[in-house]
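This report is meant for a reader who is meeting the structure for the first time.

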Amino acid sequence: MARVARGIAAGLLVLGLTGCQDTPRQQPPFERKVNVGMAPSSPGWSELDSAGRRHGFDYDVTDWLAGELDLEPNISNTLAFERESKLRQGDVQIVVASYSITDKRREVVGFAGPYAQTYQGFMIRRDERDAYRRLADLKGKAVCVTRGSTSAIQLREAFAWPVTVVERDTYDECMELLLAADPIVDVVSTDQLLLFGYAAKHPRTFVPQQLVFGEQQRYGIGLPKGDAAKCRIVTDKLRHLMSDGTWLAFFREHFPGYDPTPYKPSALDPCPDPPPTAIG
């Protein structure tokens with residue numbers, strides 16, 4: 001009987017091992033080392049200090065997310081017009097770069113979020129702040145925006161009066177045009193949240209908070225299109241970020257003096273349904 005029992009036990013062990021071998025191992029949605037697309041120079045969001053250390057709201061979100069998911073992020077400088085192409089080509093696996101969620105972008109990339117929201121605003125030279133009380137005061141002005149940004153698109157569609165749109169690759173270039181001894185532009189335009197960061201860095205500038213326009217911008221984490229697993233995991237982590245006080249701490253650190261309430265989303269977008277699993 002003992003021999004028979006041992007034979008049965010051995011047979012069950014073989015079946016168990018075979019069953020384990022037949023069950024495919026589920027791959028983690030992220031590799032341990034991930035390339036993260038981030039703005040090369042965006043005060044308050046992603047910027048290198050004199051010692052070469054990166055800091056800002058987007059960087060803090062990335063660093064926090066990496067800790068939550070046990071990832072090793074490699075930051076890849078990514079300009080506004082490069083974000084879709086880098087995600088599609090696999091040069092980066094995630095984009096955290098004050099990346100506005102739009103229907104057009106959803107056609108080629110995925111998003112988790114939003115983790116922040118804002119409207120379009122304007123930055124002017126501080127000594128000219130009395131000249132800009134209403135949106136109509138921008139008539140005939142030269143306005144600098146970054147190439148490929150939603151700001152460029154909305155600025156051309158927002159006003160019945162003419163403005164001259166000047167496009168550059170980065171907002172640092174726009175700031176140089178605004179603050180030059182012989183200024184080439186009168187105004188810099190982008191999301192108010194981004195302008196708050198620049199205003200803290202450039203004391204000669206001013207952001208009139210009453211001058212806003214356009215659609216609300218909702219910042220999301222850029223992901224490969226159709227990857228429902230990544231979207232669900234990142235969305236779940238963002239939900240904790242928004243609710244446990246971490247988001248508020250990041251905001252107050254990088255945008256002190258501003259009320260965070262208008263910039264914190266009340267809900268996250270649902271992720272796309274995963275593709276159907278093949279049977280057989």
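C271 lies in the segment that follows helix α9, where helices (H or I, at least four residues) and strands (E, at least two) are DSSP runs, numbered from the N terminus. The model is a predicted one, in which local features need pLDDT of at least 70 and side-chain atom pairs count only at pLDDT 80 or more, while totals for chains, interfaces and linings use all residues. Residues are numbered from 1 along each chain as its sequence is written, and side-chain values use heavy atoms, with hydrogens and water left out.

With a relative accessibility of 15%, C271 counts as buried (buried means under 20% relative accessible area, exposed over 50%, partly exposed in between, with a 1.4 Å probe and protein chains only). Leaving aside its neighbours within four places in sequence, C271 is in contact, meaning heavy atoms within 4.5 Å, with C231, R232 and T235. C271 and I233 are 38 residues apart in sequence, and their C-alpha atoms are 9.7 Å apart in space.

I233 also takes part in the contact between α2 and α8, in which V61, W64, L65, E68 and L69 of α2 meet I233, V234, K237, H240 and L241 of α8. The residues of this contact divide into seven nonpolar, one polar and two charged; here Ala, Val, Leu, Ile, Met, Phe, Trp, Tyr, Cys and Pro count as nonpolar, Asp, Glu, Lys and Arg as charged, and the others, Gly among them, as polar. K237, which is found in helix α8, is buried, with a relative accessible area of 18%, and, leaving aside its neighbours within four places in sequence, K237 is in contact with W64, L65, E68 and L69.

Two packed helices are described by the angle between their axes and the distance between the axes. Axes are lines fitted to C-alpha atoms, for helices over the stretch in contact, and angles run from 0 to 180 degrees between N-to-C directions.

| Helix pair | Angle | Axis distance |
|---|---|---|
| α2 (residues 57-69) and α9 (residues 246-254) | about 150 degrees | 9 Å |
| α2 and α8 (residues 228-243) | about 115 degrees | 11 Å |

Helices α2 and α9 are therefore roughly antiparallel to each other, a term for angles over 145 degrees, with those under 35 counted as roughly parallel, 65 to 115 as roughly perpendicular and the rest as oblique. In this pair, F57, D60, V61 and W64 of α2 meet T246, W247, F250, F251, E253 and H254 of α9, and the residues of the contact divide into six nonpolar, two polar and two charged.

Some backbone details lie elsewhere in the chain. The peptide bond from G113 to P114 is cis, with omega near 10 degrees, and P114 is found in strand β6 (residues 109-125). D70 has a positive phi of about 55 degrees although it is not a glycine, and its place is in the loop between α2 and β4 (72-77).

Helix α7 (residues 192-201) has eight of its ten residues buried, so α7 is largely enclosed by the rest of the structure. For the chain as a whole, there are nine helices and eleven strands, and of its 280 residues 46% count as buried.
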